[in-house]
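Below is a short briefing on one protein model. Please look at the sequence and the structure first, then read the points that follow.

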Amino acid sequence: MIYHGRNLIVSIDGTAIAAAKTCTIDVQGDTIETSTPMDGRFRTFEPGRITWSVSVGKLVTNDENATPLKTYTAMVGQKATLTFGMRDTADTLTGQVIITQWKVTGTLPNLVEGSFAFRGTGPLG
C-alpha cells in the first residue's frame, strides 16, 4: 500500500488535529563512544538511547468545530498521548509527548497557519 498525505491522521489524546497539512516524526539514536587511545585513529561506538520528536503544521480555521487559540496556548507544557497513523488502517504509532511549542503564522495573502512541536517521553510504538 502506498500512503497518501490526505489519509494522515495525527491526534492528541484521541482528538484529531483538524486541518493538519504536514507531519514530521524524527527518531534519533544516540551513540556511546567505546574507543580508547590504544585503538588508533578510528573511533568505535555502541548504540545508546533513542529520542524522538514530532512536528505538525496545520491551517488555523474559524468554524464552529475549531479549537480556540487559547486552548492551544494552554496545551503548551502539558503531557499528552500522540497518535500518528493512516486513515482506515491499523498502522499507527502512539507515544507520550510533552507539547513544547504552538506557533501561529499569518502572512498576506496566505492562509493563517499554525504548528505544534512535541517531544517524545518514553517509547514510541
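Two salt bridges turn up in a search of the whole structure, which is a predicted model. In general, side chains of opposite charge can pair when their charged atoms come close.

**Salt bridge between Glu113 and Lys21**
- The side chains of Glu113 and Lys21 meet in a salt bridge, with a distance of 3.1 Å from N to O.
- This pair links distant parts of the chain, since Glu113 belongs to strand β7 and Lys21 to strand β3, 92 residues apart.
- Glu113 has a relative accessible area of 34%, so Glu113 counts as partly exposed.
- Lys21 is also partly exposed, and its relative accessible area is 46%.

**Salt bridge between Arg43 and Glu33**
- Arg43 forms a salt bridge with Glu33, and the closest N and O atoms are 3.5 Å apart.
- Arg43 lies in the loop between β3 and β4 (45–59) while Glu33 lies in strand β3, so this pair ties together parts that are ten residues apart in sequence.
- Arg43 is exposed because its relative accessible area is 59%, and the cut-off for exposed is over 50%.
- Glu33 is partly exposed, with a relative accessible area of 40%.

**The sheet**
- Seven strands form an open sheet with antiparallel pairing, in the order β2-β1-β5-β6-β7-β4-β3.
- The edge strands are β2 (15–16) and β3 (20–33), each of which pairs on one side only.
- In general, strands of a sheet pair through backbone hydrogen bonds, either parallel or antiparallel.
- Strand β6 (residues 92–105) pairs with strand β7 (residues 113–124) in the antiparallel sense, over nine bridges.
- Gly95 stands opposite Leu124 in β7.

- Which residues make the nonpolar surface patch? Leu69, Val104 and Val112 make this patch, which covers about 220 Å².
- Val112 is found in the loop between β6 and β7.
- Val112 is partly exposed, with a relative accessible area of 36%. A patch takes residues with over 30% relative accessible area and no salt bridge, so the value of 36% for Val112 is over that cut-off.

How values were computed:
Residues numbered from 1 in each chain as written. Predicted model: local features only at pLDDT ≥ 70, side-chain atom pairs only at ≥ 80, totals over all residues. Heavy atoms only, no water. Pairing = 2+ DSSP bridges. Helix = DSSP H or I, 4+ residues; strand = E, 2+ residues; numbered from the N terminus. Patch = residues over 30% accessible without salt bridge, like charges linked within 9 Å, V, L, I, M, F, W, Y side chains within 5 Å. Areas by Shrake-Rupley, 256 points an atom, 1.4 Å probe, with all protein chains shown as cover. Salt bridge = Lys/Arg side-chain N within 4 Å of Asp/Glu carboxyl O. Buried < 20%, exposed > 50% of the residue type's maximum accessible area, 1.4 Å probe, protein only.
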